[in-house]
Number of protein chains: 2
Amino acid sequence: MRISELSAVSGVPLPTVKYYLREGLLPAGRSTARNQADYGPEHLARLRLVRALIEIGNLSVADTRSVLAASDDPQLPLDEVMGAAHDAVTSRSAPTRIEPAWSEARAAVQSMAEQRGWRVEPQAPALDQAADAVATVLAADMPELLPLIDVYFDATEELARKEVEAVLSMGSPDQVVRGVVIGTMVGGALLNALRLLAQQSISIKLLDPAEAAQPAPPSAP
Amino acid sequence: MRISELSAVSGVPLPTVKYYLREGLLPAGRSTARNQADYGPEHLARLRLVRALIEIGNLSVADTRSVLAASDDPQLPLDEVMGAAHDAVTSRSAPTRIEPAWSEARAAVQSMAEQRGWRVEPQAPALDQAADAVATVLAADMPELLPLIDVYFDATEELARKEVEAVLSMGSPDQVVRGVVIGTMVGGALLNALRLLAQQSISIKLLDPAEAAQPAPPSAP
């Protein structure tokens with residue numbers, strides 16, 4: 001297909017497609033005539049991946065390039081390709097961290113994960129983010145919230161297995177990387193939004209006497 | 001206690017405490033002498049709440065004031081106090097929404113929630129956020145990820161019950177509001193960070209043959 005079709009099929013604006021070509025994020029098409037090139041399904045797949053990394057993963061062009069390099073490296077095992085995509089979309093700038101509380105919280109999270117048999121990379125950005133949250137809960141002096149840490153561990157253990165299996169079922173490294181980006185960013189947003197809806201629903205049921213007195217809605221089992 | 005002690009005990013800088021007083025977020029202390037006022041535990045509790053709303057919930061002063069008004073209204077049932085806090089910390093500026101796909105995604109989420117017997121407020125910001133995520137997954141044309149929507153519903157249903165019960169065990173409306181802020185924002189961050197750690201752990205176990213061949217670590221059951 002021509003570049004204009006590639007743009008139409010992918011929904012990516014033509015100037016953006018040309019920009020990705022110039023930046024080397026998208027390989028050139030096969031030349032067919034002067035000023036014309038032909039693009040195949042492999043270009044479409046790559047374009048979708050680039051788009052997901054930049055638009056959904058919020059990656060810079062440079063970070064996108066290194067995730068693509070990992071995806072293209074035939075020597076790299078798939079778990080390292082996934083790891084590169086994962087680290088790129090989950091690294092964030094660090095908030096203020098008060099010591100020694102923060103390092104203690106980080107060690108506590110790492111130890112809880114290891115006791116569950118999790119393989120934790122000691123430099124994982126997610127470990128820092130978990131430590132940020134646990135340190136905040138500890139500093140807030142709300143002991144009622146502490147048991148939730150175990151609840152979150154339990155919930156994510158089962159959830160993550162299903163997510164990883166879904167992403168792995170997608171086949172090619174390009175698709176797996178796109179699945180990691182969409183699964184991690186969009187899946188996280190969906191999980192959190194549903195959690196908020198469920199919280200509201202449960203507080204209404206627990207606290208509003210009018211609701212509590214009502215029978216279950218007809219659609220419930 | 002004096003204002004300087006209030007600052008020291010709460011960890012909130014003195015100029016910030018004075019700013020909250022001027023803005024009416026913190027009630028004035030009892031006058032004890034010229035230029036002196038006495039602050040009690042109720043001031044400390046309120047200061048901690050204001051701090052949580054502004055620093056963790058990222059609320060503006062105006063939004064903080066209206067959550068405090070809800071918390072202070074003796075006529076307002078606790079579920080509406082929680083709802084006010086919840087809506088304030090979860091409303092976000094909307095991303096680009098392509099119609100009719102977005103409205104269809106929103107209706108689908110609402111209908112799935114209702115079929116589970118959830119009480120969904122039709123104007124809940126979380127419903128919009130869930131629609132953003134579902135519309136993105138649908139547009140990405142990755143059918144492998146669709147079954148995860150049900151997985152997320154299942155996971156959050158159980159999780160949210162435990163979270164709401166933990167927050168409700170905290171007693172006073174001020175503490176419940178602070179619990180909602182910390183539980184919603186920090187709990188969400190922790191849940192997501194642990195989910196990422198679990199995903200990494202599972203991909204390593206599934207994909208790295210060296211890891212797969214190893215026996216379970218000694219700390220696992």
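Which side chain of chain A meets that of B:Glu163 in a salt bridge? Select B:Glu163 and A:Arg195: their side chains form that bridge, at 2.9 Å from N to O. The term salt bridge stands for a side-chain nitrogen of Lys or Arg within 4 Å of a carboxyl oxygen of Asp or Glu. Across the interface of chain B and chain A, the rule finds two salt bridges.

Before moving on, note that this is a predicted model, where local features need pLDDT of at least 70, side-chain atom pairs count only at pLDDT 80 or more, and totals for chains, interfaces and linings use all residues. Residues are numbered from 1 along each chain as its sequence is written, chains are lettered from A and ligands numbered from 1 in the order in which they are written, and side-chain values use heavy atoms, leaving out hydrogens and water.

**The whole pair**

Show both chains. Chain B is superposed on chain A by a rotation of 180° with 0.0 Å of shift along its axis, RMSD 0.0 Å (least squares on the C-alpha atoms of residues with pLDDT of at least 70 in both). That is how a two-fold axis relates copies. Now pick B:Ala155. Its C-alpha is the one in chain B nearest the axis, 3.2 Å from it.

**The interface**

Select the contact residues (heavy atoms within 4.5 Å). Chain B gives 83 residues and chain A gives 84. The copies meet through the same surface, because 100% of the interface residues of chain B are also interface residues in chain A.

Together the chains bury about 7800 Å², 73% of it on carbon and sulfur atoms. Buried area is the accessible area (1.4 Å probe) that two parts lose on being put together, summed over both. Highlight B:Arg119, B:Tyr152 and B:Leu197 next. They supply 10% of the area that chain B buries against chain A, more than any other three residues.

Polar contacts come next: the rule finds 10 residue pairs across the interface, both residues at pLDDT 80 or more. Each is a pair of N or O atoms within 3.5 Å; within protein, one must be able to donate a hydrogen and the other to accept it, and residues adjacent in sequence count only if both atoms are side-chain atoms.

**A loop in chain A**

Finish at A:Pro13. Its loop lies between helix H1 (3–10) and helix H2 (14–22) of chain A (helices are DSSP runs of H or I, at least four residues, numbered from the N terminus). A:Pro13 touches A:Ser7 and A:Arg51, not counting residues up to four places away in sequence.

Note on methods:
Helix = DSSP H or I, 4+ residues; strand = E, 2+ residues; numbered from the N terminus.
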